[in-house]
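Colleague: I am new to this structure. Please take me through the terms used for it.

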Amino acid sequence: MPDQPSLDRNLDQLLSEECGRSGPSDKPKLLKVLLAVQERMGYVPPHSIPQIARRVGATEADVAGVLSYYPDLRTFAPGRHVIRICMGESCFANRCSRVLRALNDHLGIVIGETDAGRRFTLEKVYCMGNCAVAPTVAVNQDLFGRVEPEQIPSIVDCYR
Ligand code: FES
């Protein structure tokens, strides 16, 4: 994990790229900027909120509000692998709660947590566009469809 000064330098450079060089930009860019920060750093560090607010011409409350509204945005460093379980309509109808219980049991964590070894973070999402083969689980960018609870150990253990 990079130290904070290098994180801040990276963030400064990233914000310059995303917001351009002509100073404060516009609020509609806020979500795009936050997603870009998360893409590059793995999360949006809470201490970066004032810096982001200044660059996009928003208030710190605006930034915090967007951060808390979108479940895809995280404010903590995730584990090496991010496991997302879909709780959207199709996945719910196809009993994703059974799959979630299997993930909880196998990983020893609940949604929003990272395991002690910082290998896995478990998150929920609402539809990954994979409804035809619900229920869906993603490990990083890899999608798994028609997941049965019994498959969870073999899916997860490939990433250990
Ligand atoms: S509802 Fe789960 S992939 Fe669409």
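Modeller: Here are the terms, each set against its definition.

Modeller: This is a predicted model, so local features need pLDDT of at least 70, side-chain atom pairs count only at pLDDT 80 or more, and totals for chains, interfaces and linings use all residues. Residues are numbered from 1 along each chain as its sequence is written, and side-chain values use heavy atoms, with hydrogens and water left out.

Colleague: How do you know how many helices and strands the protein chain has?

Modeller: Helices (H or I, at least four residues) and strands (E, at least two) are DSSP runs, numbered from the N terminus. The protein chain has seven helices and four strands. Along the sequence the pattern is α-α-α-α-β-α-α-β-β-β-α. The C-alpha atoms fill a box of roughly 55 × 30 × 20 Å, taken along the principal axes.

Colleague: Why are α2 and α4 called roughly perpendicular?

Modeller: Look at the angle. Axes are lines fitted to C-alpha atoms, for helices over the stretch in contact, and angles run from 0 to 180 degrees between N-to-C directions. Helix α2 (residues 30-41) and helix α4 (residues 60-69) cross at roughly 65 degrees, and their axes come within 10 Å. Angles under 35 degrees count as roughly parallel, over 145 as roughly antiparallel, 65 to 115 as roughly perpendicular and the rest as oblique. α2 and α4 are therefore roughly perpendicular.

Colleague: What makes the contact of α2 with α4?

Modeller: Contact means heavy atoms within 4.5 Å. Leu30, Leu31 and Leu34 of α2 meet Asp62, Val63, Val66 and Leu67 of α4. By class, this contact has six nonpolar, no polar and one charged residues. Ala, Val, Leu, Ile, Met, Phe, Trp, Tyr, Cys and Pro count as nonpolar; Asp, Glu, Lys and Arg count as charged; the others, Gly among them, count as polar.

Colleague: Is the crossing of α2 and α4 left-handed or right-handed?

Modeller: The crossing of α2 and α4 is right-handed. A crossing is right-handed if the near helix is turned clockwise from the far one by less than a right angle, and left-handed if anticlockwise.

Colleague: What makes α3 roughly perpendicular to α4?

Modeller: Helix α3 (residues 49-56) packs on α4 at an angle of about 110 degrees, with the axes 8 Å apart. That angle makes α3 roughly perpendicular to α4. The crossing of α3 and α4 is right-handed. Ile49, Pro50, Ile52 and Ala53 of α3 make the contact with Glu60, Val63, Ala64 and Leu67 of α4. By class, the contact of α3 with α4 has seven nonpolar, no polar and one charged residues.

Colleague: Which residues lie nearest the centre of the largest pocket?

Modeller: Gln38, Glu39, Arg74, Val82 and Gln141 do, and the lining has 13 residues. α2 gives the most, with three residues. By class, the lining has three nonpolar, four polar and six charged residues.

Technical notes
On a 1 Å grid over the protein atoms alone, a cavity is a set of points where a 1.4 Å probe fits but cannot get out, and a pocket is an open set with protein on both sides within 12 Å along at least five of seven lines; lining residues have an atom within 4 Å of a point.
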